[in-house]
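Please read them alongside the structure.

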Amino acid sequence: MNNLLMESCEIPRGGSQGRDVELGAPMNSGELCLQEFFVKVQEIDKQYEKLDKLLKMLQDAHEESRTVTKAPAMKSIKQRMEKDIDEVLRVARFIKGKIDELDKDNLANRQKRGCRKGSGVDQSRVATTLAVKKKLKDKMAEFQILKERIQQEYREVIERRVFAVTGTRPDEETIDRLIDTGDSEQIFQKAISSKGEARS
C-alpha cells in the first residue's frame, strides 16, 4: 500500500535528499517524509492491536463473570475488568495523542517542496490520517457499547442477588450504593449461602 501511495507523490526537479538503496533512484523530501509518516502510522497500528486484545480480554472476563458462583472469584474478575478498562482508556489516549501529532506533521509538511496542500504526498497523508481517526472512533464506540452492556448486566445481577436475600427488588439508588460501596459482593455471598440452606 505504501508503495502505491508513494507513486502518487510529486517529484520536483532536483533537490533530492536521499536515494533508494536498491534502485539507486533519487528521492525527494516529500517521499522521505512520507516514509517517516508511515512508520508513525505503523506504530499506531500496533497500539490498535493492543486495543483489540484488551477488548477481547474484557469480553472474555465478562462472559466468565456470568457463570461464577463464588464471591472471591467474582471480586477478582471485577478487579481484572476494571484494570482492563483503565488500560483501554490509557491506550486510547496514547493513540489520540499520536493522531494529533500526525495532524501537526501534515500541516508542517505542506511547507516542503512538492508537498503543498492537494499534492499527491499531502493527499496520501490526509487520507491515511482520516482512516486512522475513524478506526479510533469505531474502536471507542465498540468499547462504549461493551462497557455499557457489562454495567447493565452487572446491575441486573445485583438486583437478582438482593432479591434472593431479601425477597424484594431494590430500587436504582440501592443498586448504585451497593456498587459504589462494594457491598454487592457481600450480597452475592449471602445469596449463595441462602441457596445452600435452601437445598439442605
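1. The largest nonpolar core has 34 residues, of which Ile-44, Tyr-48, Leu-58, Ile-95 and Ile-99 touch the most other members. A nonpolar core here is a set of buried Ala, Val, Leu, Ile, Met, Phe, Trp, Tyr and Cys residues joined through side-chain atoms within 4.5 Å; buried means under 20% relative accessible area with a 1.4 Å probe, protein chains only. At least two residues of this core come from each of α2 (29-65), α3 (71-109), α4 (120-166) and α5 (172-181). The most come from α2, which gives 11 residues.

2. This is a predicted model, in which local features need pLDDT of at least 70 and side-chain atom pairs count only at pLDDT 80 or more, while totals for chains, interfaces and linings use all residues. Residues are numbered from 1 along each chain as its sequence is written, and side-chain values use heavy atoms, with hydrogens and water left out.

3. Leu-58 is in contact (heavy atoms within 4.5 Å) with Met-81, Asp-84, Ile-85, Phe-143, Leu-146 and Ile-150, leaving aside its neighbours within four places in sequence.

4. The protein has 6 helices and 2 strands, in the order α-β-β-α-α-α-α-α from the N terminus. These are DSSP runs: helices are H or I of at least four residues, strands E of at least two.

5. An unreviewed UniProt entry annotates residues 133-160 as "coiled-coil region"; such annotations may be inferred rather than shown by experiment. In the model this span is 100% helix and 0% strand, and its end C-alpha atoms lie 41 Å apart.

6. Of the protein's 200 residues, 35% count as buried.

How values were computed:
Buried means under 20% relative accessible area, exposed over 50%, partly exposed in between (1.4 Å probe, protein chains only).
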